[in-house]
Amino acid sequence: MSDAYSDKVMDHFKNPRNVGVIENADGYGKVGNPTCGDIMEMYIKVEDNKIADAKFRTFGCGAAIATSSMATELIKGKSIEDALTLTNKSVVEALSGLPPIKVHCSVLAEDAIKSAIDDYLKKRDGKGIEGWSPRNHEH
Amino acid sequence: MKRIYLDYAATTPTHPDVVEAMLPYFSEKYGNPSSIHSFGQEAKTAVSQGREQVANLIGAQPEEIFFTSGGSESDNFALQGVAFANQKQGNHIITSAIEHHAVLETCHWLEKHGFTITYLPVDKNGLVKPEDIKKALTDKTILVSIMHANNEIGTIQPIAEIAEVLKSSGRKIYFHTDAVQTTGAISVNVDNLGVDLLSMSAHKLYGPKGVGALYIRKGTRIEAFLKGGGQERRRRASTENVPGIVGFGKAAELAKKELEERVKHLTPLRDKLIKELQEKIPETILNGHPTERLPNNVNISVKYIEGESMLLNLDMEGIAASTGSACTSGTLDPSHVLLSIGLPHELAHGSVRFTLGRLTTEEDVEKVIEVFPGIVEKLRAMSPLYKKEG
């Protein structure tokens with residue numbers, strides 16, 4: 001079964017990085033819904049405009065867990081501006097690919113990150129990411 | 001690592017005796033049963049024997065057995081064949097919401113060709129109520145198709161009671177049952193069940209893949225499914241799958257002989273797995289009927305976590321199971337069966353099915369009971385839906 005997933009995906013699924021919650025997080029985002037079977041929750045801690053820490057919790061399939069894990073790895077240590085350039089494609093590439101039916105998981109991961117940053121910016125500046133609103137993940 | 005196969009509802013390992021019976025029919029006795037020479041005749045004899053063995057398993061006459069390529073074809077054949085042969089009598093068909101897709105999608109197709117279909121709901125245990133069938137009958141009803149047991153949740157339907165309802169209607173209404181999960185698993189007798197058509201598949205009862213059969217009661221009006229030859233009494237043309245039929249026959253013979261033994265072996269293993277998983281893992285739900293269920297079926301929903309991630313973890317422990325979660329079906333919707341019994345989406349996504357078989361041991365079941373709670377705990381710790389008590 002796991003043949004459908006790359007070794008990188010399986011690695012992040014077996015040993016997910018950054019699982020958990022951050023108390024008093026600077027930014028928090030939650031995307032997805034039970035109908036489509038994936039829910040991702042993302043927490044970030046920001047210090048000197050850099051993402052000092054990121055944590056997640058995910059209800060979902062192997063790909064949902066692996067993309068959440070990889071997405072948190074990709075943004076840790078990055079500036080807010082750099083983290084905002086993260087796309088679902090970069091998550092997929094970092095995982096050496098995903099089966100086509102699972103690409104929506106990477107979209108969810110990108111949105112979870114953006115949603116957490118949006119929350120942070122709203123708290124800091126009173127307005128969120130310019131021109132961004134969370135996608136509707138109803139299917 | 002020892003691998004543990006608990007997906008017998010998907011397919012079964014071919015019985016060694018079945019393989020042995022089939023082997024001569026590839027390269028030694030390879031004749032075409034339609035040929036009049038001795039090569040053809042020995043193949044024809046083998047097909048006749050297979051037909052008798054399959055008929056014998058379900059209490060039918062050999063001439064009522066029509067070999068097909070499998071359960072899905074049998075379902076397509078039964079529904080299309082009866083619908084079109086009887087459309088002068090009416091265009092209404094009754095089925096249930098939890099049928100196999102081979103029945104449901106054939107019904108959807110028939111709707112495009114002038115037929116009206118009633119999809120009956122089921123109760124929380126997955127049972128069709130015979131009185132619902134009675135209420136759904138119209139003077140246009142020509143066919144009812146209700147599966148004998150559900151492949152996902154294992155619920156066994158009151159087929160004989162439904163047959164009584166149809167008989168007392170005073171009109172000829174054909175009754176089809178998809179018995180793919182029950183033939184060889186529990187007692188299946190076409191007269192006791194009161195059905196006119198019954199679908200079977202060899203690979204679910206330790207036979208080979210690619211062969212099945214449709215039982216068609218004598219006198220049933222049905223159109224041919226494949227045209228172009230005299231095979232299967234002109235109703236299903238195509239050169240017979242001789243090795244497959246031989247294998248199916250042998251598997252049917254073994255099933256008849258071992259049926260009681262198989263039920264006796266599986267039922268306590270099933271009950272142990274259900275009981276201990278529910279004891280060891282809080283907040284799990286047994287899907288399907290608590291008692292009217294296949295002796296090998298365990299289907300549970302585990303709250304707060306998703307099915308595929310459970311399957312991947314089980315697979316890492318060498319355990320093969322199945323799920324009704326969307327994530328393995330190639331669509332984004334979870335199982336129609338689990339939604340039909342009233343499960344909310346997150347519980348339908350959180351289902352795991354273990355189906356046991358003749359090679360399953362008590363140690364196999366104990367291994368699942370040993371490793372599964374840890375898998376659940378690990379995934380729940382990761383889940384935003386889970387709030388640990390206390």
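**View 1. The lining of the largest cavity consists of eleven nonpolar, six polar and two charged residues.** The model is predicted; local features require pLDDT of at least 70 and side-chain atom pairs pLDDT 80 or more, while totals for chains, interfaces and linings use all residues. Residues are numbered from 1 along each chain as its sequence is written, chains are lettered from A and ligands numbered from 1 in the order written, and side-chain values use heavy atoms, without hydrogens and water. The largest cavity holds about 200 Å³ of space. Its lining comprises 19 residues, and those closest to the cavity centre are B:Gly184, B:Ala185, B:Lys204, B:Tyr206 and B:Asn296. In total, the structure has four cavities of 30 Å³ or more. On a 1 Å grid over the protein atoms alone, a 1.4 Å probe fits in a cavity but cannot get out; a pocket is an open set of points with protein on both sides within 12 Å along at least five of seven lines, and lining residues have an atom within 4 Å of a point. Points are joined across faces, edges and corners, and volume is the space filled by probe spheres set on them. Ala, Val, Leu, Ile, Met, Phe, Trp, Tyr, Cys and Pro count as nonpolar, Asp, Glu, Lys and Arg as charged, and the others, Gly among them, as polar.

**View 2. The largest pocket has a volume of about 750 Å³.** It is lined by 38 residues, of which B:His100, B:His101, B:Asn151, B:Glu152 and B:Arg353 are the closest to the pocket centre. Two or more lining residues come from each of α4 (71-85), α11 (336-340) and β12 (351-355) of chain B. The element that gives the most is α4(B), with three residues. By class, 22 residues of this lining are polar, eight are nonpolar and eight are charged. Helices (H or I, at least four residues) and strands (E, at least two) are DSSP runs numbered from the N terminus.

**View 3. In chain A, three antiparallel strands form an open sheet in the order β1-β2-β3.** At the edges stand β1 (27-33) and β3 (50-59) of chain A, each pairing on one side only. Neighbouring strands of this sheet are turned by 15° against each other on average, with direction ignored. Seven bridges join β1(A) to β2 (residues 38-47) of chain A in the antiparallel sense. Within this view, A:Asn33 has A:Asp38 of β2(A) as its bridge partner. Strands pair if DSSP finds at least two bridges between them. Axes are lines fitted to C-alpha atoms, for helices over the stretch in contact, with angles from 0 to 180 degrees between N-to-C directions.

**View 4. Strand β2 (residues 65-68) of chain B is covered on both faces.** B:Ile65 and B:Phe67 lie on one side, B:Phe66 and B:Thr68 on the other, and all four are buried. Buried means under 20% relative accessible area, exposed over 50%, partly exposed in between (1.4 Å probe, protein chains only). β2(B) runs antiparallel to strand β8 (residues 212-216) of chain B, and four bridges join the two. Opposite B:Ile65 stands B:Tyr215 of β8(B).

**View 5. An open sheet of chain B has three strands, ordered β9-β10-β12, with antiparallel pairing.** β9 (284-286) and β12 of chain B are the edge strands; each has a single partner strand, so one side of each lacks a neighbour in the sheet. β9(B) and strand β10 (residues 297-302) of chain B run antiparallel and are joined by three bridges. B:Leu286 has its bridge partner in β10(B), namely B:Ile300.

**View 6. B:Arg233 and B:Tyr304 have positive phi values.** Most residues other than glycine have a negative phi. For B:Arg233, phi is near 50°. B:Arg233 sits in the loop between β8 and α9 (242-280) of chain B, and it is exposed because its relative accessible area is 56%. For B:Tyr304, phi is near 80°. B:Tyr304 belongs to the loop between β10 and α10 (307-316) of chain B, and its relative accessible area of 21% makes it partly exposed.

**View 7. B:Lys257 is located in helix α9 of chain B.** This residue is exposed, with a relative accessible area of 63%. The C-alpha atoms of B:Lys257 and B:Ile98 are separated by 31 Å, and the two residues are 159 residues apart along the chain.

**View 8. Two cysteines, A:Cys61 and B:Cys107, are buried.** A:Cys61 has 0% relative accessibility and therefore counts as buried. B:Cys107 counts as buried because its relative accessibility is likewise 0%. Over all chains, the disulfide count is zero, a disulfide being a pair of cysteine sulfur atoms within 2.5 Å.
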